[in-house]
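Please open the structure in a viewer and keep the selection tool at hand.

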Amino acid sequence: MKIFSSVLLPRSFAKLPAETENEDWDDEVIEIYLDGQKKPAVNLRLQDLDHGDQDPFSEPFAGNRSGGTISYFPISFNSNMKVFVNNFSPLTTFFYYHIDVTLIDGETLSYTFPLAQRETDAFNSARNLLSQLGDNPFTVQESINDTLTITSSQNVTLFSFPQDGTLTSLSLVIPKSEFEQLRQLFLLFDWKNGISSKEIPVSAFFGLGFEPKDYHSLLLGTKIIDDDIIMRSYIPMPSNKGGTISLINKNSKDITLKTEIGWNKELPSNPFGYFSAKFGEVKSPQNDTTHLQIAELKGTGKYLGTF
């Protein structure tokens, strides 16, 4: 929610997940008082919050997750905030709650409803974007599909930039039974301006640990359909000097997979960098140091994340 909250409310805010083991709510109500106000800024039945259909406490910012009622809609306050839950059912024997608060220096405006037009526009923009998780947010002018069998120790070029352009999607599909091979199947990004990444295990690049899992984010995700693992990346990778993306099979046996590359012939209008990544592995790090440095980045760029 940091993307959304920094757009809508770039100031102090609270994220309020109210979670419970109850399967159904009766007449319980959540009330939120801000900055000494006599009337609650939020007065909402938990049943409605659970349904996620009361703006701005609506999907994908509110609803039911894993049997709990949640809300990640950011609420700003200037000096203090009080949260109450009232009208508990006599049948309720246990209630669990969890509240996250981020405090930011500087004076703020208290949350009010209805939202101002600027906030409504930001809310709708963020909701539309998040509702499309799994879809490529970037333009694809050309799509290249292939099925490859990569022999042991073979290095295969997935894509070579024929001219200036931006790679906007990279998708790999393998049988679920071949998941263990992803740790010894490596991606290599090599840009002709001298910038290149180290060899990155496919499992690490796509955020997979020790077993395949469904997950979706704006730029990365995996989906398991029947017996296949579908891995996708929408990280934009522009290049005006050419470059190649390769797969290296360091397994002792061959691996067969489907690939899909999406790209367009346009470069970003703003200054851009070249994608790079680093994979490292340390055994028993506590034996070497209590302060393990995993990266040292120099120059100008944007940090995308760590797995």
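**A guided tour of the model**

Begin by selecting V83, Y97, I99, V101 and L103, which make a nonpolar surface patch of about 500 Å². The model on display is a predicted one.

Within this patch, keep L103 selected. L103 is placed in the loop between β9 (100–102) and α3 (117–130). Is L103 buried or exposed? L103 counts as exposed because its relative accessibility is 67%, and the cut-off for that class is over 50%.

**The three-stranded sheet**

Next, select the strands β3, β2 and β8, which form an open sheet in the order β3-β2-β8 with antiparallel pairing. Which strands form the edges? They are β3 (42–45) and β8 (81–86), each of which pairs on one side only. On average, and with direction ignored, neighbouring strands of this sheet are turned by 10 degrees against each other. As background, strands of a sheet pair through backbone hydrogen bonds, in either a parallel or an antiparallel sense.

The following stops concern the backbone. Most residues other than glycine have a negative phi, and most peptide bonds are trans.

Select E59 and P60: the peptide bond from E59 to P60 is cis, with omega near 5 degrees. P60 is found in the loop between β5 (57–58) and β6 (62–65).

Proceed to F113 and P114, where the peptide bond is again cis, with omega near 10 degrees. P114 belongs to the loop between β9 and α3, the loop that also holds L103.

**Two residues with a positive phi**

Select N87, which is not a glycine and yet has a positive phi of about 65 degrees. Where does N87 lie? N87 is located in the loop between β8 and β9.

For the last stop, select D226 in the loop between β16 (220–225) and β17 (228–233). D226 is not a glycine either, although its phi is positive, at about 55 degrees. Because its relative accessibility is 70%, D226 counts as exposed.

Notes:
Residues numbered from 1 in each chain as written. Predicted model: local features only at pLDDT ≥ 70, side-chain atom pairs only at ≥ 80, totals over all residues. Heavy atoms only, no water. Patch = residues over 30% accessible without salt bridge, like charges linked within 9 Å, V, L, I, M, F, W, Y side chains within 5 Å. Areas by Shrake-Rupley, 256 points an atom, 1.4 Å probe, with all protein chains shown as cover. Salt bridge = Lys/Arg side-chain N within 4 Å of Asp/Glu carboxyl O. Helix = DSSP H or I, 4+ residues; strand = E, 2+ residues; numbered from the N terminus. Buried < 20%, exposed > 50% of the residue type's maximum accessible area, 1.4 Å probe, protein only. Pairing = 2+ DSSP bridges. Axes fitted to C-alpha atoms, helices over the stretch in contact; angles between N-to-C directions.
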